[in-house]
Amino acid sequence: MSAKFFVLAATLFSSVLIDSGNAWTARGCVDLDSSTFNKVTRKFRYSLVKFDTAFPYGDKHEAFTNLALETVDATDDLLFALVGIKDYGEQDNADLGKRFNIPKEYPVIKLFVGGRMEPIDFPPDEPVTRENLRKFLKRNTDLYIGLPGCVQKLDELAQTFMSTEDATERQRIMGEVERAEHETEALDPTKKSYPMYLSLMRKIVKAGQPPRDVIHEEMKRVEKLLAGKLSEAKKAELALRTNVMLSFNVLNGALKTERTEL
């Protein structure tokens with residue numbers, strides 16, 4: 001049974017339970033318990049799991065389940081799962097809560113990666129929104145996560161740019177971005193993204209220091225600006241620049257794996 005078929009089948013089954021009022025799960029997600037957790041998550045390269053109350057609701061829950069519904073058909077490699085924990089009665093899944101040190105300040109979101117024993121925590125001080133969940137996945141997986149302001153072709157060129165130390169190759173990549181910009185229609189909404197990619201590439205070439213350090217410093221600079229008093233238009237522009245900078249992150253081994261668009 002393929003991973004995608006498993007998700008669709010489990011989601012359909014869950015939908016029946018929802019209609020009968022006997023479960024809390026949501027379309028696009030799979031509900032897990034102590035007996036199914038390991039069996040299901042090991043079928044996927046990545047499993048994004050939300051530990052929550054047994055009957056979750058509200059903006060955070062909707063952000064998670066809406067993103068799951070958006071991406072369920074996009075990739076076989078990513079599972080969205082829910083674990084409902086009861087601290088009363090039969091205390092369903094309390095053992096999973098103890099196993100993963102889940103505090104009672106729900107929700108807690110963790111990314112389980114391949115065969116790794118330790119999951120990656122979604123930052124507890126970061127708002128649970130669809131955009132932040134996308135950024136979290138983009139930082140920690142080699143799946144293609146389309147963020148506002150990003151262009152898949154340019155993201156791939158950015159990754160190649162970051163993976164080479166050859167000056168000639170970097171110049172070739174910048175030339176390709178410039179040509180693509182000129183070929184893009186003026187009314188194309190992605191047109192304004194091209195200068196952001198180019199400016200970051202030029203900054204890296206000029207800096208003469210490790211590319212990761214350049215991006216890290218630029219990220220800190222932009223975050224500091226965003227924390228200040230800015231017009232809404234400027235904030236929106238810098239938010240897009242932040243998204244583009246995430247495209248310059250290179251995960252270990254990420255470039256060796258075909259990326260899937262979400």
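Me: Does Phe122 count as buried or exposed?
Reply: A residue is called buried under 20% relative accessible area, exposed over 50% and partly exposed in between, using a 1.4 Å probe and protein chains only. Phe122 has a relative accessibility of 6%, and therefore it counts as buried.

Me: Before we continue, what kind of model is this?
Reply: This is a predicted model, in which local features need pLDDT of at least 70, side-chain atom pairs count only at pLDDT 80 or more, and totals for chains, interfaces and linings use all residues. Residues are numbered from 1 along each chain as its sequence is written, and side-chain values use heavy atoms, with hydrogens and water left out. In short, the kind of model is predicted.

Me: How many aromatic pairs does the structure hold?
Reply: Rings of Phe, Tyr and Trp (its six-membered ring) pair if their centres lie within 6.5 Å, and planes under 30 degrees apart count as stacked, over 60 as edge-to-face and the rest as tilted. By that rule, the number of aromatic pairs in the structure is eight.

Me: Why is the pair of Phe51 and Phe100 called tilted?
Reply: The ring centres of Phe51 and Phe100 are 5.7 Å apart. Phe51 belongs to strand S2 (residues 46-53), whereas Phe100 is in the loop between helix H4 (94-99) and strand S4 (108-113); here helices (H or I, at least four residues) and strands (E, at least two) are DSSP runs, numbered from the N terminus. Both Phe51 and Phe100 are buried. The pair is tilted because the angle between the two planes is 50°.

Me: Which kind of aromatic pair do Phe122 and Phe136 form?
Reply: Phe122 lies in the loop between strand S5 (120-121) and helix H5 (130-140), and Phe136 lies in helix H5, so the pair ties together parts that are 14 residues apart in sequence. Phe136 is buried, because its relative accessibility is 1%. With 5.3 Å from centre to centre and 75° between the planes, the pair is edge-to-face.

Me: At what distance from the ring centre of Phe161 does Arg170 lie?
Reply: A charge sits over a ring if NZ of Lys or CZ of Arg is within 6 Å of the ring centre and within 35 degrees of the ring normal. Lys50 lies in this way over the face of Phe64, at 5.9 Å from the ring centre. For Arg170 over the face of Phe161, the distance is 5.2 Å.

Me: What arc do the buried residues of H9 cover around the axis?
Reply: The buried residues in H9 are Pro211, Val214, Ile215, Glu218, Met219 and Val222. They lie on the same side of H9, because the arc they cover (taken from the directions from the helix axis to the C-beta atoms) is only 135°.

Me: Which exposed residues are carried by the face of H9 turned away from its buried side?
Reply: An α-helix has 3.6 residues a turn, so residues three or four places apart point the same way. On the face turned away from the buried side of H9, the exposed residues are Arg212, His216, Lys220 and Lys224.

Me: Which residue's side chain is joined to that of Thr184 by a polar contact of 3.1 Å?
Reply: Thr184 lies in the loop between helix H7 (167-183) and helix H8 (194-207), and it counts as buried because its relative accessibility is 11%. A polar contact is a pair of N or O atoms within 3.5 Å; within protein, one must be able to donate a hydrogen and the other to accept it, and residues adjacent in sequence count only if both atoms are side-chain atoms. The partner of Thr184 in the contact of 3.1 Å is Tyr194.
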